[in-house]
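Have the structure open while you read.

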Amino acid sequence: MQVIDDGDGFNVSEHQAFNGHSLGLHDMNDRIKSLNGIFDLQSDPQVGTTITVKFPVQTNKGSFQHV
C-alpha cells in the first residue's frame, strides 16, 4: 500500500520523537511492525510525503516475501 501526498511535506528527522501531542505516525509504524510489516516514510519540505507499507505474504509453499 502506498499513500502519496504532493503537499507541503516535512523534515522527517525533525519528527522522529514524540511531539507531546500526536502519536499518529508512530502508532502506524508500531502496528505495522507488530504484523511483521515494513513501514517506510519519505518526505521533503515543499515536495510532499510518501508512505509505503508492505506485509509478508506466502508466495510459494513455506516461502514468505514482503509485497
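## An exposed loop residue

Let's start with N36, which is exposed, with a relative accessible area of 55%. For these labels, buried means under 20% relative accessible area, exposed over 50%, and partly exposed in between, using a 1.4 Å probe and protein chains only. You'll find N36 in the loop between α1 (24–34) and β2. Its phi is positive, about 60 degrees, although N36 is not a glycine. Most residues other than glycine have a negative phi.

A word on where this comes from: the model is predicted, so local features need pLDDT of at least 70 and side-chain atom pairs count only at pLDDT 80 or more, while totals for chains, interfaces and linings use all residues. Residues are numbered from 1 along each chain as its sequence is written, and side-chain values use heavy atoms, with hydrogens and water left out.

## The overall layout

The protein has one helix and five strands, and from the N terminus on they run β-α-β-β-β-β. Helices (H or I, at least four residues) and strands (E, at least two) are DSSP runs, numbered from the N terminus.

Of the 67 residues in the protein, 16% are buried. The exposed surface comes to about 5,300 Å², with carbon and sulfur atoms supplying 51% of it; accessible areas come from the Shrake-Rupley method with a 1.4 Å probe, and for residues only the protein chains shown count as cover. Among contacts with a separation of 6 or more, 46% are between residues 24 or more positions apart. Contact here means heavy atoms within 4.5 Å.

## Strand β3 and its partners

Strand β3 (residues 48–54) is mostly covered, with five of its seven residues buried. Which strands does β3 run antiparallel to? One is β1 (residues 2–5), joined to β3 by four bridges; the other is β2, joined by seven. Two strands pair if DSSP finds at least two bridges between them.

Q46 is exposed, with a relative accessible area of 72%.

S43 is in strand β2 (residues 38–44). Is S43 buried or exposed? S43 counts as buried because its relative accessibility is 9%. Its side chain makes a polar contact of 2.7 Å with the side chain of T49, and a polar atom of the S43 side chain lies 3.2 Å from the backbone oxygen of G48. (A polar contact is a pair of N or O atoms within 3.5 Å; within protein, one must be able to donate a hydrogen and the other to accept it, and residues adjacent in sequence count only if both atoms are side-chain atoms.) Leaving aside neighbours within four places in sequence, S43 is in contact with G9, F10, V12, G48 and T49.

T52 sits in β3 and also counts as buried, at 16% relative accessibility. The T52 side chain makes a polar contact of 3.0 Å with the side chain of Q2. Beyond its neighbours within four places in sequence, T52 is in contact with M1, Q2, I38, F39 and D40.
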